[in-house]
Amino acid sequence: MRSAGGSKRVTITDVAHSAGVSTSAVSKVLRNAYGVSPAMRERVQSAMAELGYRPHAAARGMRGRTYTIGVLLAGIRNAFYADLLDGVNARLRNTEYALFIGSGGDSEKEDQTKLIHAMVDRQMDGLILVAPAVPRPEVVRIAAEVPTVVLGHHDPSPVYDCVVNQDGVGVDLAVDHLVGLGHRDIAHISHPTVRGSQWQQRPEHHVRAAYREAMARHGLADLARVMNSGYSDEGGYRGAMELLTSQRPPSAIFAGADVAATGVFRAAAELGLRIPEDLSLAGYNNTSVAALVPVSLTSVDQAGALMGETAARLLVERIESRRDRAVVMASTPHLVVRGSTAPPRA
């Protein structure tokens, strides 16, 4: 960062002189060290703002911290990830940490692994991994070296924290709602299992199991059908087309992600079916898309922003050694009923 005159980069010495403190005091403020008084912190931060001082990232990395956090997403087309990122950003907004995002295919283990290794190689202080397809042993190995929070998967570990949703509760809410409307033939669109990942409790595993249990609880086990066509618009479209053109089309579809539900809308329109008159549709995530008036999708709200905020809080605690044990945090979902669900046709 150049000074106002553009002649040279503002240094820590310049900040110390402007604030009337020692360079070691400025360093303590930059490191968020223990024992810095609020008055001292305010003086130093005011001087930094006045001079336009920005710490040199490479130099900070050599001192042991880069104040960067890497977030791995399975993709960028799922609107739920935007909710998660909003929460992460909200938590980090008043800190020195900068966020860097990597997007890999939701079933591409190699791409995601490459991205995580790149984040580690660049000395990022911590990682937030959203439903990673990276093999669990590799995540455990990395988390033993770099503070890590895994978001979505229910597989706990002593070396990383988990932030999950109470998926069983959320599925019960959706299925109970549809059964309460009078539906019996309720199909589920899910995501295919990532082979060789060694994650035993991915979110889609929990949702699929909870769906079958809910159907059985209502005496509808024989009518349960799962299409593992994917959490994407295309996956929802393909799954819905197969279901709706079968010999026994369902009267309702429960999609495991709102992004898949958008594909169901497309398939229904192509087949001349109206939602909810001919087909009821419920989603999962309650993204901003679900609330759009033309969509009006009944959906399970996972409190995505809160999950992201919690993940960021737990990660900073790990980075700054405020906690010496792993934790699992679970958010409680609720159902938002909109215009995409109604009683089945008589």
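Asp185 is buried in this predicted model, with a relative accessibility of 12%. The residue takes part in a salt bridge with Arg248, in which the closest N and O atoms are 2.7 Å apart. Asp185 is placed in the loop between α8 (167-180) and β6 (186-189), and Arg248 in the loop between α10 (233-244) and β8 (252-255), so the pair ties together parts that are 63 residues apart in sequence.

The chain as a whole contains 12 helices and 12 strands. Its C-alpha atoms fill a box of roughly 80 × 40 × 30 Å along the principal axes. Of the 346 residues in the chain, 50% are buried. The accessible surface comes to about 16,000 Å², and carbon and sulfur atoms account for 53% of that area. Among contacts between residues at least 6 apart in sequence, 69% join residues at least 24 apart.

The chain carries 37 positive and 35 negative charges, and the mean positions of the two sets are 6 Å apart. Side chains of opposite charge can pair when their charged atoms come close. The count of salt bridges in the model comes to 18.

Two of these pairings involve Glu234. In one, the side chains of Glu234 and Arg238 meet at 3.9 Å, N to O, a value that falls within the 4 Å limit for a salt bridge. Both residues belong to helix α10, where their spacing of four residues corresponds to about one helical turn. In the other, Glu234 meets Arg266 in a salt bridge with an N to O distance of 3.4 Å. Because Glu234 lies in helix α10 and Arg266 in helix α11, this pair ties together parts that are 32 residues apart in sequence. The residues in these two pairings are partly exposed: Glu234 has a relative accessible area of 39%, Arg238 has one of 42%, and Arg266 stands at 31%. A further group, made up of Asp161, Arg313, Glu317, Arg318 and Arg323, is joined into one network by salt bridges that share partners.

Several backbone features were also identified. The peptide bond between Ile275 and Pro276 is cis, with omega at about 10 degrees. Pro276 is found in the loop between α11 (258-270) and β9 (280-285). Strand β9 contains Asn285, a residue that is not a glycine but has a positive phi of about 125 degrees. Asn285 is buried, with a relative accessible area of 5%.

A positive phi also occurs at Ser296, where the angle is near 45 degrees in a residue other than glycine. Ser296 is placed in the loop between β9 and β10 (298-301). With a relative accessibility of 21%, Ser296 counts as partly exposed, because the buried class is limited to values under 20%. Asn285, at 5%, is instead buried.

Terms used
Residues are numbered from 1 along each chain as its sequence is written. This is a predicted model: local features need pLDDT of at least 70, side-chain atom pairs count only at pLDDT 80 or more; totals for chains, interfaces and linings use all residues. Side-chain values use heavy atoms; hydrogens and water are left out. Helices (H or I, at least four residues) and strands (E, at least two) are DSSP runs, numbered from the N terminus. Buried means under 20% relative accessible area, exposed over 50%, partly exposed in between (1.4 Å probe, protein chains only). Contact means heavy atoms within 4.5 Å. Accessible areas come from the Shrake-Rupley method with a 1.4 Å probe; for residues, only the protein chains shown count as cover. Lys and Arg count as positive and Asp and Glu as negative; His and the chain ends are not counted. The place of a charge is taken as NZ of Lys, CZ of Arg, CG of Asp or CD of Glu.
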